[in-house]
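The sequence and the structure are shown first.

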Amino acid sequence: MATVRTRYAPSPTGYLHIGGAWMAFFNWLCARSQRGAFILRIEDTDRSRSTEEYERAILEDFRWLGLDWDEGPDVGGPVGPYRQTERGPLYRRYARALVDAGAAYPCYCTPQELEAEREAARRQGRPYRYSGRCRHLTAADRARWEAQGRQPTIRLRVPDLGGPIVVADLIRGNVEFDPAHLDDAIIVRSDGTPLYNFANVVDDHLMRISHVIRGSEHLSNTPVQWLIYRALGWTPPAFAHLPVILGPDRRKLSKRAAATALRDYRREGYLPEALLNFFALMAWHPDPEREVYSLSELVERFRLEDLGRASPVFDQAKLTWLNGVYMRELLQRNPQRVVDVCLEILQETGLVEGERSPDVRAYVARVVAVLGDRLKVGRDILVYGDFFFTDQVRYDPQAVRQHLQGPAVVRSLSVLRDRVAGVEALDRATAESLVRGVAAELGLHSREVIHPVRVALTGKTVGPGLFELMEVLGRDRVVARLDRAVAWLRAPEAS
RNA sequence: GCCCCCAUCGUCUAGCCCGGCCCAGGACACCGGUCUUUCAAGCCGGUAACGCGGGUUCGAAUCCCGCUGGGGGCACCA
């Protein structure tokens with residue numbers, strides 16, 4: 001049995017896109033489920049947009065996600081190099097073979113001339129097609145152009161096949177294309193660098209890729225590639241064109257409609273394992289009665305044929321829910337991971353500065369423990385617990401209106417302040433008896449004290465249990481914040 | 001405009017290939033209830049879909065045709 005080899009071939013023109021990560025994941029799953037190889041190839045032939053920095057970032061994003069590769073630009077491999085800009089000689093060799101065989105030809109039209117043709121077509125409202133001017137140039141014609149100093153591109157000559165091109169797609173079946181609709185595509189730029197359709201075919205073949213799993217936006221490229229395989233006498237790999245992930249606006253996921261870079265999700269405090277699990281729920285669903293799977297289960301259950309054809313809409317609410325499932329489980333099994341995720345966010349927002357000392361970690365761990373199930377994504381530590389990390393508590397106006405109104409409030413806060421100041425240490429049991437004691441004393445229902453105190457201490461109406469939160473804050477900070485709240489209530493403008 | 005793809009609850013999907021077990025199952029979201037000092041989580045319950053029109057058939061979400069709708073592609077980008 002031939003070895004399964006899949007690849008993901010990002011072009012380093014930006015950070016790893018969420019859709020790209022999803023696509024790469026299915027390639028990875030396909031390889032891992034068949035004990036095959038997963039290859040990373042950098043498609044950087046567009047020199048004007050590619051950067052080394054993005055290449056590094058993409059590799060880093062993959063590492064964070066937890067997808068490993070067997071061959072790639074950093075680790076090398078038997079069929080390298082794995083960066084297209086380093087494969088120039090290979091492309092030149094096969095381009096020449098194509099030209100020699102008459103399957104391709106040099107084209108001397110300039111970008112400006114082609115653009116003018118396109119523009120003319122647009123004006124006349126007819127579809128643009130290459131004029132074919134250079135299709136039948138004689139040696140003399142060529143010499144004349146060359147003498148003028150024109151550097152030719154190389155175009156694929158679409159042959160007369162006398163029938164449709166049939167692309168056998170593993171998830172879409174046979175898709176037919178009429179070659180009459182195909183243009184002689186440029187496969188090599190005038191500067192000698194290859195274009196996507198060509199480099200892709202050469203690389204996939206030379207790298208012995210068995211399954212090309214990619215987005216359906218490439219489906220219409222496939223007949224051109226198919227012609228190149230044919231002209232070179234190569235057997236095309238198996239194709240599987242997955243649907244494209246749509247944004248909430250039902251268009252191809254774009255920056256405008258949602259966060260698109262994988263690292264945006266990392267920055268929000270999503271977990272890689274939750275993301276991968278979520279990926280498996282788009283255009284797939286191993287078991288419709290279940291949502292949560294371990295990675296190894298996904299590898300075990302993966303079957304290319306089970307993938308769907310319809311474009312899924314990226315549902316961030318469901319991702320967040322799933323992340324919450326993982327966070328809760330992690331809280332039990334490995335709370336330090338949750339601490340790490342939260343620390344990353346706290347440091348980025350400047351609420352925690354400097355080294356991640358054991359003390360800092362211990363403190364964050366206490367906060368995390370107290371926040372518990374409220375942490376669905378790392379960023380929730382800010383939503384529910386920013387006050388643990390700053391004394392600059394901002395009172396939510398809504399909360400003030402609801403709970404800091406009326407004369408009883410100042411009184412209960414003041415009384416509580418003195419009681420708290422009087423204790424040795426403020427553990428949660430002490431906090432509770434103090435708060436309830438004050439309520440009873442003043443003839444108030446306990447919630448009539450609890451709510452104002454919460455707002456005074458945290459600025460919010462939402463968050464962890466009051467007594468636990470007081471314990472973490474500690475006596476001195478509680479006293480200081482009660483003081484500040486009382487002062488502010490007496491003269492709101494001053495503060 | 002041309003080419004190609006797709007079509008089940010608001011969203012992700014199961015069922016479709018091999019018609020009856022489906023007056024369509026699960027999950028997220030939403031709504032209600034419960035627990036409770038708030039929120040979150042949990043638990044219980046609810047609303048909600050086979051795009052439309054023709055066939056075929058005793059019977060169609062499932063097969064066929066048309067329509068409509070949505071998406072992708074039409075670069076010296078990938």
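## Arg-56

Arg-56 is part of helix α2; helices (H or I, at least four residues) and strands (E, at least two) are DSSP runs, numbered from the N terminus. Because its relative accessibility is 53%, Arg-56 counts as exposed, where exposed means over 50% relative accessible area, buried under 20% and partly exposed in between (1.4 Å probe, protein chains only). Between the C-alpha atoms of Arg-56 and Leu-457, which are 401 residues apart along the chain, the separation is 44 Å.

## Basis of the model

This is a predicted model, in which local features need pLDDT of at least 70 and side-chain atom pairs count only at pLDDT 80 or more, while totals for chains, interfaces and linings use all residues. Residues are numbered from 1 along each chain as its sequence is written, chains are lettered from A and ligands numbered from 1 in the order in which they are written, and side-chain values use heavy atoms, with hydrogens and water left out.

## The largest pocket

The volume of the largest pocket is about 1,200 Å³. A pocket is an open set of points on a 1 Å grid over the protein atoms alone, where a 1.4 Å probe fits, with protein on both sides within 12 Å along at least five of seven lines; lining residues have an atom within 4 Å of a point. Grid points are joined across faces, edges and corners, and the volume is the space filled by probe spheres set on the points.

In total 39 residues line the largest pocket, and Tyr-8, Ser-11, His-17, Glu-217 and His-218 lie nearest its centre. At least two lining residues come from each of β1 (5–8), α1 (18–33), α2 (52–65), α6 (196–206) and β8 (211–215), with α1 giving the largest share, 4 residues. The lining comprises 17 nonpolar, 13 polar and 9 charged residues; Ala, Val, Leu, Ile, Met, Phe, Trp, Tyr, Cys and Pro count as nonpolar, Asp, Glu, Lys and Arg as charged, and the others, Gly among them, as polar.

## The second largest pocket

The second largest pocket holds about 270 Å³ of space. It is lined by 18 residues, with Ala-95, Pro-152, Ile-154, Val-188 and Gly-192 closest to its centre. Helices α3 (88–100) and α5 (139–147) each provide at least two lining residues, and the largest share, 5 residues, belongs to α3. By class, this lining has 9 nonpolar, 3 polar and 6 charged residues.

## The β5–β6 hairpin

Strands β5 (residues 165–169) and β6 (residues 173–177) pair in the antiparallel sense over 5 bridges; pairing requires that DSSP finds at least two bridges between two strands. The two strands form a hairpin, with 3 residues between them. Within this pairing, Val-167 stands opposite Val-175 in β6.
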